[in-house]
Amino acid sequence: MNARKAKAKFGWSVTTALAATLAWAPAIADAGAEFHFTGSARPLDSTYAGSELYREQHVIQGVCSGNQFKPQSHRVEYFDASSDAPFAFKQLRYDRDNQPSLLRPSVEFVQPRFNERLTVGYDSGSVAIEWQSPAQELEQFRLDSNNSLVVDSGFDNLVRQNWQTVVEGGSVNFEFLAPTRGSYYGFVLEPADSKSDNERIRADHLIQIRPTSLFLRLIVEPILLGYNQQGALTHYSGLANIRLNQQENIQADIVYSVTEYPPCPLLAP
């Protein structure tokens with residue numbers, strides 16, 4: 001083979017390889033990924049701090065896009081401390097067809113032991129809620145949606161979207177959906193500065209969610225959230241969505257452990 005032919009062949013090979021790489025780039029950038037973690041819930045009352053109330057198993061499916069993990073769906077199964085059979089489950093979808101959103105997923109939550117079922121969907125700029133209560137009453141609500149509205153576990157993505165602001169001492173205002181009340185309320189996301197909270201909850205970053213309304217602050221305790229340096233939730237302290245009885249939900253301390261990180265970062269580069 002003469003030098004000219006060898007050079008031409010080499011150039012064609014490089015060009016072909018480059019074209020193949022570029023052709024595969026979108027597939028690699030949007031490769032499927034999963035994030036797995038578990039939670040152990042105990043009552044806030046320190047008298048029973050050693051007794052596990054229930055366990056959570058989380059699987060978040062998504063894609064690696066722009067060198068960051070983007071959730072698409074999230075399934076949670078809830079287990080009694082001494083059982084391998086789930087007693088409740090929750091399914092969230094962030095990639096809903098009509099309007100994908102990391103802050104406002106569609107929600108299906110089922111708690112059969114109380115005959116309770118809750119769904120949250122979206123249609124034409126509004127939020128549609130359907131709740132079958134433990135009293136077997138079917139309630140339906142329709143609310144206007146907006147860009148500051150956060151639904152269910154969307155708060156976790158809100159934290160990561162505003163990571164630098166919050167860990168550097170800033171705050172973020174938003175509205176949080178209270179689906180069984182058919183309304184939403186103003187809240188603020190900010191660093192938790194209570195010495196006792198920081199001593200009780202060991203986390204790289206301790207954040208709180210509290211109502212902005214003075215009246216609500218008198219009756220609603222802040223939710224405390226612990227995060228590690230990778231942006232994963234390690235602690236939740238506050239009102240849980242699992243029922244204590246037909247009238248009230250459990251107040252829990254939930255400690256989370258990651259069992260599988262996605263192959264790309266949780267936080268934006």
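Tutor: A cavity is a set of points on a 1 Å grid over the protein atoms alone where a 1.4 Å probe fits but cannot get out. This is a predicted model, with local features needing pLDDT of at least 70, side-chain atom pairs counting only at 80 or more, and totals for chains, interfaces and linings using all residues. Residues are numbered from 1 along each chain, and side-chain values use heavy atoms, without hydrogens or water.

Student: How many cavities of 30 Å³ or more does the search find, and how much space lies in the largest?

Tutor: The search covers the whole structure and turns up one. Taking volume as the space filled by probe spheres set on the points (joined across faces, edges and corners), the largest cavity holds about 40 Å³.

Student: Which helix gives the most to its lining?

Tutor: Lining residues have an atom within 4 Å of a point, and here they are I60, P71, H74, Y94, S153, D156, N157 and R160. The top contributor, with three residues, is helix 2.

Student: What stands opposite H74 in strand 4?

Tutor: Strand 3 is antiparallel to strand 2 (residues 54-64), with eleven bridges, and R55 stands opposite F79 there. Strand 3 also pairs (at least two DSSP bridges) with strand 4 (residues 86-93), antiparallel over seven bridges, and a hairpin joins these two through five residues. Across from H74, which also lines the cavity, is L92.

Student: Which residue in the turn between strands 2 and 3 has a positive phi?

Tutor: Those strands form a hairpin with four residues between them. The phi is about 65°, and the residue is G66.

Terms used: 1 Å grid on protein atoms, 1.4 Å probe; cavity = no way out; pocket = protein on both sides within 12 Å on 5 of 7 lines; lining within 4 Å.
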